[in-house]
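Student: I have a model open and want to learn how to read it. Can you take me through some features, one by one?

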Amino acid sequence: MSLKIKSILVLMLCALTFNSCKTAKPSVEEKPVSPKEVEVEVESPKEEEKPVPEEKEFKENAPLKIEEFRAAWVATVANINWPSKSGLPVAEQQKEAIKLLDYLEAHNFNAVIFQVRPQADALYNSDLEPWSHFLTGKQGTAPNPLYDPLEFWTEAAHKRGLELHVWLNPYRAYHTTGGEISEQSIIKTHPELAFKLKNGMWWLDPSQKGTQDHTSEVVMDIVKRYDIDGVHFDDYFYPYASYNNNEDFPDAKSYSAYTSKGGKLSKGDWRRESVNTFIERIYKEIKAEKPFVKFGLSPFGIWRPGYPESISGMDQYSELYADAKLWLNKGWVDYFTPQLYWKINQLNQSFPVLLGWWESENTKNRHLWPGINVGLGGDDQNTDETLNQIMITRGMLPESKGTIHWSIGPLVNNPNLSKALLEGPYKKKALVPASPWLSKEQPTPPVVGSSVFGERLRIAWTHVNTDEISKWVLYFKYADGAWDYKILNASQMSLELQYVVGEKKKKLSKIGVTAVDRNGVQSEFKEIILK
């Protein structure tokens, strides 16, 4: 064969090969190729046969959607909720705590927001701040006999299936009901950081690095040492104007130091930036230490008057220097709890109107669990208002339902309201909604077995790693009936159910158990058909 003919054949073969390869690949329209996939194809041809790993999606195949955050605030400042008065004997303190936690368990709540730092002090054993006056009756004096209230509350809450979120006031250094200021108080140890207001309170200067560093150290000390589920700040950033007799916050020296170094922000923007920087810092520090610990903020319920148009009221943006909308927009929270303490038909501060506006600002799809005021009384009208607000929240926020109740005192003291909750929206227990941005993995499903004893069915299960599990959910279904469920604590790994029920002797027909991890994520549901 001549060289010319060989050359022509080679060219034809190359053309056929090129066209074959070209047509074998799908077009961009058929299957978009990610930059990562392109990189694998070009740089690592030996890996072409291996599929590019895809991010796992949760197999949310449980037969029922049973998630809703149900929490109550427990305020310790001024002994609002606990302990009932300062200086109570330790046994009485613990008895009161158990009564409150028993109430939450019995009424199918799943979280408690417990105030541990009301005035730069501690309702826990701290090397950074003094023991609280509201606990022992004298700031800096430990309980006798010595115990750690936060450790006690956390263990007791978890035993009852409740999350424990610590609630701190980041800037308030002294409350007017706080007794004598001890020598260990930051007011005495760092007087350059604290200002006395006209109403007698003391307030830390949010702009000062010393304030931010100290409060951060306090927060992270708790996160590291305690088995908590969340960290929570409320609406106190810069103080309400009335606290200082409507005079400007006395930080002129701090602002002057800022401008002398070339700072260009107005005083208002400078103050807001100080708070913004701190909020972002706390969120990131918590996630770096324990990603499962949720960070929640509960600001005043109105961002600014006129947002939305019908709303009027205090302007927290310019009075508290709290740009709460920004924090939600940026996703510097895991849950956001605007204090919507107004009634549904209160036109200028309407509960659903404000909730709808905050939802429109929830661009990062964080949990939006409003705070509601249950302290309006226990009569039928106010009970109806509470139930209606819960149901409105469920309807407007179906993907992550939840409500935080201000506060536990009115719940415990109003039996009619408590009864209505238990017979109505809180009739059955609920899981805390999962936070998909915190966890990309589902726990391993448990291995389930069952055996019949007469008319009872015993269900038991095992798991490869019980340390990662916080709860179990047992789903069950009787013949021709609907699915039902029971939520169980991690320590309970078996349960007996009635196998045969009713006059028609209906038998259990299907069961399944899911494992729930610390992030609230359920394992894949595996249905078991009973014969």
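**Reading the model**

Tutor: Start with a loop residue. Asp-480 is found in the loop between strand 15 (469–478) and strand 16 (483–489). Keep in mind that this is a predicted model.

Student: What is the phi of Asp-480 near?

Tutor: Phi of Asp-480 is near 65°, which is a positive value in a residue other than glycine.

Student: Is Asp-480 buried or exposed?

Tutor: Exposed counts as over 50% relative accessible area. Asp-480 has 70% relative accessibility, so it counts as exposed.

Student: Where is Asn-245 placed?

Tutor: Asn-245 sits in the loop between strand 7 (230–233) and helix 8 (252–260). Its phi is near 55°, again a positive value in a residue other than glycine. Asn-245 counts as exposed because its relative accessibility is 53%.

Student: Now peptide bonds. Which peptide bond to Pro-83 is cis?

Tutor: Read omega for this one. The bond from Trp-82 to Pro-83 is cis, with omega near -20°. Pro-83 belongs to the loop between strand 1 (69–74) and helix 3 (90–106).

Student: And what is omega near for the bond from Asn-144 to Pro-145?

Tutor: Omega is near 5° there, and the bond from Asn-144 to Pro-145 is cis. Pro-145 lies in the loop between helix 4 (133–136) and helix 5 (149–159).

Student: How are two packed helices described?

Tutor: By two values: the angle between their axes and the distance between the axes. Here, helix 3 and helix 5 pack at about 30°, and their axes are 10 Å apart. The crossing of helix 3 past helix 5 is right-handed.

Student: Which residues of helix 3 and helix 5 make the contact?

Tutor: Helix 3 gives Gln-94, Ala-97, Ile-98, Leu-100 and Leu-101. Helix 5 gives Phe-152, Trp-153, Ala-156 and Ala-157. By class, the contact has eight nonpolar residues, one polar and no charged.

Student: Where does Asp-102 lie?

Tutor: Asp-102 lies in helix 3. Its relative accessible area is 33%, so Asp-102 is partly exposed. The C-alpha atoms of Asp-102 and Ala-157 are separated by 8.8 Å. Along the chain, these two are 55 residues apart.

Student: How many bridges pair strand 13 and strand 14?

Tutor: Seven bridges, in the antiparallel sense, with strand 14 covering residues 456–462. To place the pairing, find Ser-451, which stands opposite Arg-458 in strand 14.

Student: Last, the whole chain. How many helices and strands are there in the protein chain?

Tutor: The protein chain has 15 helices and 20 strands. Of its 531 residues, 51% are buried. For contacts, look at separation along the chain. Among those with a separation of 6 or more, residues 24 or more positions apart account for 71%.

Student: What does the accessible surface of the protein chain come to?

Tutor: About 25,400 Å², and 52% of that belongs to carbon and sulfur atoms.

Conventions: Residues numbered from 1 in each chain as written. Predicted model: local features only at pLDDT ≥ 70, side-chain atom pairs only at ≥ 80, totals over all residues. Heavy atoms only, no water. Helix = DSSP H or I, 4+ residues; strand = E, 2+ residues; numbered from the N terminus. Buried < 20%, exposed > 50% of the residue type's maximum accessible area, 1.4 Å probe, protein only. Pairing = 2+ DSSP bridges. Axes fitted to C-alpha atoms, helices over the stretch in contact; angles between N-to-C directions. Left-handed = near helix turned anticlockwise from the far one by under 90°. Contact = heavy atoms within 4.5 Å. Nonpolar A, V, L, I, M, F, W, Y, C, P; charged D, E, K, R; others polar. Areas by Shrake-Rupley, 256 points an atom, 1.4 Å probe, with all protein chains shown as cover.
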